[in-house]
Amino acid sequence: MAATMKKAAEDVNVTFEDQRKINTFARNTSRITELKEEIEIKKKQLQNLEDASDDIMLMEDDCMRVPYQIGDVFISHSQDETQEMLEAAKETLQAEIKTLELRVETIQKILSDLKVQLYAKFGSNINLEADDS
């Protein structure tokens, strides 16, 4: 019985098309990892903007000017102007996060289709599951 299982494992031929699918799967898996890391970074930036917005709301002195960083330069604005700039920056980040999440969903659909095709041909002879180590 064990000899038959080994023989079946060795009989699977990998065609050029199969190799292309495997390579596509690997590239897309890598891309998803990069996109998820980018999403996490943008979510942290969004949280920082929300924290800054909350801190500005808690300020008691309405006349006080608030420094706002643009690139490497800090520019002082009124609290209202700074609040508006923070809101615009938050909206931009939320849109970027949504775009990245849509890209991840699209790639996950592609990966799902490739998994079905590759497991159908190779069965247990191929491992397409991510190592969470």
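Lys90 counts as buried, at 12% relative accessibility, where buried means under 20% relative accessible area, exposed over 50%, and partly exposed anything in between (1.4 Å probe, protein chains only). This is a predicted model, so to speak of local features takes a pLDDT of at least 70, side-chain atom pairs count only at pLDDT 80 or more, and totals for chains, interfaces and linings use all residues. Residues are numbered from 1 along each chain as its sequence is written, and side-chain values use heavy atoms, with hydrogens and water left out.

Back to Lys90. It sits in helix 3; helices (H or I, at least four residues) and strands (E, at least two) are DSSP runs, numbered from the N terminus. Leaving aside neighbours within four places in sequence, Lys90 is in contact with Leu46, Leu49, Glu50 and Ser53, contact being heavy atoms within 4.5 Å. Its side chain also makes a polar contact with the side chain of Glu87. For the record, a polar contact is a pair of N or O atoms within 3.5 Å; within protein, one must be able to donate a hydrogen and the other to accept it, and residues adjacent in sequence count only if both atoms are side-chain atoms.

Beyond the neighbours within four places in sequence, His77 is in contact with Met64, Arg65, Val66, Tyr68, Thr82 and Met85.

| Side chain | Partner side chain | Distance |
|---|---|---|
| Lys90 | Glu87 | 3.0 Å |
| His77 | Glu81 | 3.5 Å |

Now the strands. Strand 1 (residues 66-70) and strand 2 run antiparallel, joined by 5 bridges; two strands pair if DSSP finds at least two bridges between them. Ile70 has Val73 as its bridge partner in strand 2, while Gln69 stands opposite Phe74. The hairpin has 2 residues between the strands, and Gly71 takes a positive phi near 70 degrees there.

Zooming out, the chain has 3 helices and 2 strands, in the order α-α-β-β-α along the sequence. Of its 133 residues, 24% count as buried. Take the contacts between residues at least 6 apart in sequence: 66% of them join residues at least 24 apart. Thr106 lies in helix 3 and counts as partly exposed at 46% relative accessibility.

Ile32 turns up again in the lining of the largest pocket, along with Phe25, Thr29, Thr33, Lys36, Gln108, Leu111, Lys115, Leu128, Glu129 and Ala130. The elements that give two or more residues to this lining are helix 2 (16-58) and helix 3 (79-122), and helix 2 gives the most, with 5 residues. The volume of the largest pocket is about 200 Å³. A pocket, on a 1 Å grid over the protein atoms alone, is an open set of points with protein on both sides within 12 Å along at least five of seven lines, and lining residues have an atom within 4 Å of a point. Grid points are joined across faces, edges and corners, and a volume is the space filled by probe spheres set on the points. By class, the lining has 5 nonpolar, 3 polar and 3 charged residues, with Ala, Val, Leu, Ile, Met, Phe, Trp, Tyr, Cys and Pro counted as nonpolar, Asp, Glu, Lys and Arg as charged, and the others, Gly among them, as polar.

Terms used: On a 1 Å grid over the protein atoms alone, a cavity is a set of points where a 1.4 Å probe fits but cannot get out, and a pocket is an open set with protein on both sides within 12 Å along at least five of seven lines; lining residues have an atom within 4 Å of a point.
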